[in-house]
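Colleague: I would like to learn how to read a protein model. Could we go through one together, feature by feature?

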Amino acid sequence: MGKLGKLANYEKRDGIFLLIIIFFMLLIILLIYTVSFKISSYYLMRGVVFKDDLLELVASDEELKRIYKNGQFYIDDKKYKYVIENVIKDAFSKNEETYNIVYLACKLSNEKEKDVVDLVFLDGKFYLFRIFELIWKGD
């Protein structure tokens, strides 16, 4: 015969155990998402429209590596592909750092000659977990 009376204390805890299991499952899903999700990092440079479909940039050696590594940039949230037309190495120096002049050929839509434009290059991608690691360790 089954019990028709009061439930014992251990029988009332089933709902709490279910909530704890659901909580831990959500915690594990959040942890997996944090470890696997990637965030893009971008680098901003300024350039001048030299001629139609030709941009002129002044770049340090580190920035020049970024330009070589990428094949596209963004201007006002529009993606443009470019080809490096010419590079004048060590064009001038300032504060013991040398700068290069880079000419990029690309099809621009609204920019006119002598316009100053902000070029946004993809710098890399890193995991969301890296943000928490940096916060935990500090600078």
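Modeller: We start with a term. Helices (at least four residues) and strands (at least two) are DSSP runs, numbered from the N terminus. With that naming, Asp77 is found in the loop between S3 and S4. Keep in mind that this is a predicted model.

Colleague: How many helices and strands does the chain have, and what pattern do they follow along the sequence?

Modeller: The chain has four helices and seven strands. Read along the sequence, their pattern is α-α-β-β-α-β-β-β-β-β-α.

Colleague: What radius of gyration does the chain have, and what would a compact globule have?

Modeller: The general idea is to set the value beside that of a compact globule. For 139 residues such a globule would have a radius of gyration near 14 Å, whereas this chain has 28 Å. The box tells you about the outline as well: along the principal axes, the C-alpha atoms fill roughly 95 × 35 × 20 Å.

Colleague: What share of the residues counts as buried?

Modeller: Buried means under 20% relative accessible area. By that cut-off, 22% of the 139 residues of the chain are buried. The accessible surface comes to about 11,100 Å², and carbon and sulfur atoms hold 59% of that area.

Colleague: Which residues have the most contacts inside the largest nonpolar core?

Modeller: That core has 18 residues, and those with the most contacts inside it are Leu55, Ile67, Phe73, Leu104, Leu119 and Phe121. Two or more core residues come from each of these elements: strand S1 (38-51), strand S2 (54-60), helix H3 (61-69), strand S3 (72-75), strand S6 (97-105) and strand S7 (116-127). Take Leu55 as a case.

Modeller: Not counting residues up to four places away in sequence, they are Val48, Val49, Phe50, Phe73, Val102, Tyr103, Leu104, Cys106, Leu108, Val117 and Leu119.

Colleague: Which residues other than glycine have a positive phi?

Modeller: Asp76 is one of them, with a phi of about 50 degrees. Asp77 is another, with phi near 65 degrees. Asp76 lies in the loop between S3 and strand S4 (78-81), as Asp77 does.

Colleague: Are Asp76 and Asp77 buried or exposed?

Modeller: Exposed means over 50% relative accessible area. Asp76 counts as exposed because its relative accessible area is 68%. Asp77 is exposed too, because its relative accessibility is 77%.

Colleague: Where is Glu97, and why does it count as partly exposed?

Modeller: Glu97 is in strand S6. Partly exposed lies between the two cut-offs, under 20% for buried and over 50% for exposed. Glu97 has 37% relative accessibility, so it counts as partly exposed. Apart from residues up to four places away in sequence, Glu97 touches Ser60 and Phe92.

Colleague: How far apart are Glu97 and Lys112?

Modeller: The C-alpha atoms of Glu97 and Lys112 are separated by 31 Å, and the two residues are 15 apart along the chain. Asn110 and Leu27, 83 residues apart in sequence, have their C-alpha atoms 48 Å apart. Asn110 is in the loop between S6 and S7, and with 58% relative accessibility it counts as exposed.

Conventions. Residues numbered from 1 in each chain as written. Predicted model: local features only at pLDDT ≥ 70, side-chain atom pairs only at ≥ 80, totals over all residues. Heavy atoms only, no water. Rg over C-alpha atoms; globule rule 2.2 N^0.38 Å. Buried < 20%, exposed > 50% of the residue type's maximum accessible area, 1.4 Å probe, protein only. Areas by Shrake-Rupley, 256 points an atom, 1.4 Å probe, with all protein chains shown as cover. Core = buried A, V, L, I, M, F, W, Y, C linked by side-chain atoms within 4.5 Å. Contact = heavy atoms within 4.5 Å.
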